[in-house]
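Q: Hi! I'm new to this one, could you walk me through it?
A: Happy to, let's look together.

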Amino acid sequence: MRAQFVLSEIGVGLRRNLTMTFAVIVSVALSLALFGGAVLMGQQVDAMKDFWYDKVNVTIYLCNKNDAEGAETCSKGAVTAQQKEQIEADLKKLDIVETVHHESAEEAYKHYREQYSETPIASVITPDQMQESFRVKLKSPEKYEVVATAFSGRSGVHSVQDQRGILETLFNMMRGMNVAALVVMGLMLLIALMLIVNTVRVSAFSRRRETGIMRLVGASSFYIQMPFIMEAAFAGLLGGLVACVLLLVGRYFLIDAGLSLAEQMPLVQFIGWDAVFSVLPLVLVLGLLMPSLAAAVALRKYLKV
């Protein structure tokens with residue numbers, strides 16, 4: 001009988017505040033969708049770092065005759081065969097080095113033509129303008145500074161470049177997007193909490209006579225507050241379900257279909273459906289608990305009979 005009464009009161013409360021309940025559902029859904037998206041974005045950045053950091057190389061660019069004419073680091077002239085042999089031998093002596101690959105100017109020119117054949121400058125570049133290099137695969141990419149310190153400024157070496165630096169620009173941009181999503185999520189969450197508190201206040205005021213009678217007949221505070229908390233929890237749960245749908249649709253549209261980033265960017269390792277499904281329970285739990293707690297706190301102030 002008590003459960004039936006509580007459920008009936010929940011239905012009455014939702015009908016009386018239908019517009020505000022809808023606003024709560026939308027606000028909770030958007031804030032939780034942004035939260036889930038931020039979590040998935042963080043996982044995406046970590047997955048890309050794990051995938052690419054194991055594949056990037058440290059590149060030691062060697063001086064050519066063109067560099068010798070203008071580059072300060074190549075003031076002693078183009079790299080000699082003896083210098084190349086010594087650099088390669090010293091690289092292989094390092095414990096942190098896994099593999100060393102020498103790329104000739106002709107190979108560099110071929111790769112450049114393959115990647116940038118559509119650009120206007122590709123037609124005027126000649127093989128002698130390309131730099132020879134050593135592509136160094138490290139056992140631990142974080143120890144790039146060891147190679148940079150040992151070979152920067154050395155005779156025949158133009159520069160030492162860690163390809164992780166190029167990727168860091170992309171990762172920093174993605175982290176910035178992640179922070180922006182969290183800021184917007186915080187604002188939406190604040191709006192949702194304010195709507196929940198206002199909805200509870202209006203509902204408590206409109207049913208003050210019923211709650212007063214329940215108090216007079218000996219009903220406990222928990223029993224009186226339960227319908228209001230359940231209303232907020234139900235609206236939050238609906239918002240959480242909508243947020244889950246948005247995350248699933250967003251992942252499908254962005255990666256698998258629609259924009260189809262997986263096909264357009266085959267070299268990027270995108271997070272799978274398992275990552276999305278692992279976030280959904282957390283979204284639902286937050287959608288259920290967040291409005292419930294907000295309602296419970298609000299009732300202490302507004303449900304006084």
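**A first look**

A: The accessible surface of the chain comes to about 17300 Å², and 64% of that belongs to carbon and sulfur atoms. Accessible areas come from the Shrake-Rupley method with a 1.4 Å probe, and for residues only the protein chains shown count as cover. This is a predicted model: local features need pLDDT of at least 70, side-chain atom pairs count only at pLDDT 80 or more, and totals for chains, interfaces and linings use all residues. Residues are numbered from 1 along each chain as its sequence is written, and side-chain values use heavy atoms, with hydrogens and water left out.

Q: What does the chain average for pLDDT?
A: The average is 77, and 72% of the residues score at least 70. pLDDT is the predictor's confidence in each residue, from 0 to 100.

Q: Changing topic: how many salt bridges does the structure hold?
A: Six. A salt bridge here is a side-chain nitrogen of Lys or Arg within 4 Å of a carboxyl oxygen of Asp or Glu. Side chains of opposite charge can pair when their charged atoms come close.

Q: Which residue does Lys 92 meet in a salt bridge?
A: Lys 92 meets Glu 88, at 3.3 Å from N to O. The two are four residues apart in helix 4, so about one helical turn separates them. Lys 92 is exposed, with a relative accessible area of 54%, while Glu 88 is partly exposed at 25%.

Q: What about Asp 90, is it buried or exposed?
A: Asp 90 counts as buried because its relative accessibility is 16%. Asp 90 forms a salt bridge with Arg 154, with the closest N and O atoms 2.3 Å apart. That pair links distant parts of the chain: Asp 90 is in helix 4, and Arg 154 is in the loop between helix 6 (144-151) and strand 4 (157-162), 64 residues apart. Asp 90 also forms a salt bridge with Lys 93, at 3.9 Å. Salt bridges that share partners join Asp 90, Lys 93 and Arg 154 into one network.

Q: Which residues make the nonpolar surface patch?
A: Phe 234, Leu 237, Leu 238, Leu 241, Val 285, Leu 288, Leu 289 and Leu 293 make a patch of about 660 Å². Patch residues have over 30% relative accessible area and no salt bridge; like charges are joined within 9 Å, and nonpolar side chains (Val, Leu, Ile, Met, Phe, Trp, Tyr) within 5 Å. Helix 9 (221-256) and helix 11 (273-302) each supply at least two of the patch residues.

Terms used. Buried means under 20% relative accessible area, exposed over 50%, partly exposed in between (1.4 Å probe, protein chains only).
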